[in-house]
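Dear colleague,

I am handing over the structure that we spoke about, with the sequence alongside. Please look it over before you read my notes.

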Amino acid sequence: YGIACDSCHHVYEEGENIWKQEDPVEKCAVCHDPVADQDEVIKLQSAFHKNCRDCHREVTQEGKEAPYKKCTACHS
């Protein structure tokens, strides 16, 4: 998609993303709870909306395949 891997994949320590391309990729829900914010980690829906939604829309509008193309993939 023309973006750095660590634009989406992240592991924060002391406010810095220390995730490297060779590190394992965890499912978002491992850290982002689906129901509520936990300490300084925002809930899953908020994380997706904040970090991913606009980029996914742009990629889809360019005619490329984004991991989740429509809001209805998560929202019914």
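What follows is an account of what was found, from the overall layout down to single residues.

This is a predicted model, so local features are given only at pLDDT of at least 70 and side-chain atom pairs only at pLDDT 80 or more, while totals for chains, interfaces and linings use all residues. Residues are numbered from 1 along each chain as its sequence is written, and side-chain values use heavy atoms, with hydrogens and water left out.

As for confidence, pLDDT is the predictor's own confidence in each residue, from 0 to 100; its mean over the protein is 84, and 87% of the residues reach 70 or more. Confidence is highest in strand 2 (residues 16-17), with a mean of 94, and lowest in helix 2 (residues 53-61), with a mean of 81. Where pLDDT is low, the predicted coordinates should not be read in detail.

The protein has 2 helices and 2 strands, in the order β-β-α-α from the N terminus; helices (H or I, at least four residues) and strands (E, at least two) are DSSP runs, numbered from the N terminus. Of the 76 residues, 11% are buried, where buried means under 20% relative accessible area, exposed means over 50%, and partly exposed lies in between (1.4 Å probe, protein chains only). The accessible surface comes to about 6500 Å², and carbon and sulfur atoms account for 50% of that surface; such areas come from the Shrake-Rupley method with a 1.4 Å probe, and for residues only the protein chains shown count as cover. Among contacts (heavy atoms within 4.5 Å) between residues at least 6 apart in sequence, 20% join residues at least 24 apart.

His32 sits in the loop between strand 2 and helix 1 (44-51), and His32 counts as buried because its relative accessibility is 13%. Leaving aside residues up to four places away in sequence, His32 touches His10, Val41, Ile42, Lys43, Leu44 and Ala47. A polar atom of the His32 side chain lies 2.7 Å from the backbone oxygen of Ile42. The loop between strand 2 and helix 1 also holds Asp23, which is partly exposed at 28% relative accessibility; Asp23 and Val11 are 12 residues apart in sequence, and their C-alpha atoms are 9.7 Å apart in space.

In helix 2 we find Val59, a buried residue at 7% relative accessibility. Val59 and Gly2 are 57 residues apart in sequence, yet 9.8 Å apart in space, C-alpha to C-alpha.

The structure holds 0 disulfides, a disulfide being a pair of cysteine sulfur atoms within 2.5 Å. For Cys5, the nearest cysteine sulfur is that of Cys8, 8.6 Å away, and Cys5 is partly exposed at 35% relative accessibility. Cys31 is too far for a bond, because its closest cysteine sulfur, in Cys28, is 9.0 Å away; Cys31 itself is exposed, at 52% relative accessibility.

Lastly, side chains of opposite charge can pair when their charged atoms come close. The structure holds 1 salt bridge, meaning a side-chain nitrogen of Lys or Arg within 4 Å of a carboxyl oxygen of Asp or Glu. Glu62 forms a salt bridge with Lys64, with 3.4 Å between the closest N and O atoms. Glu62 is exposed, at a relative accessible area of 53%, whereas Lys64 is partly exposed, at 42%.

With best wishes

Key: Polar contact = N/O pair within 3.5 Å; in protein donor to acceptor, adjacent residues only side chain to side chain.
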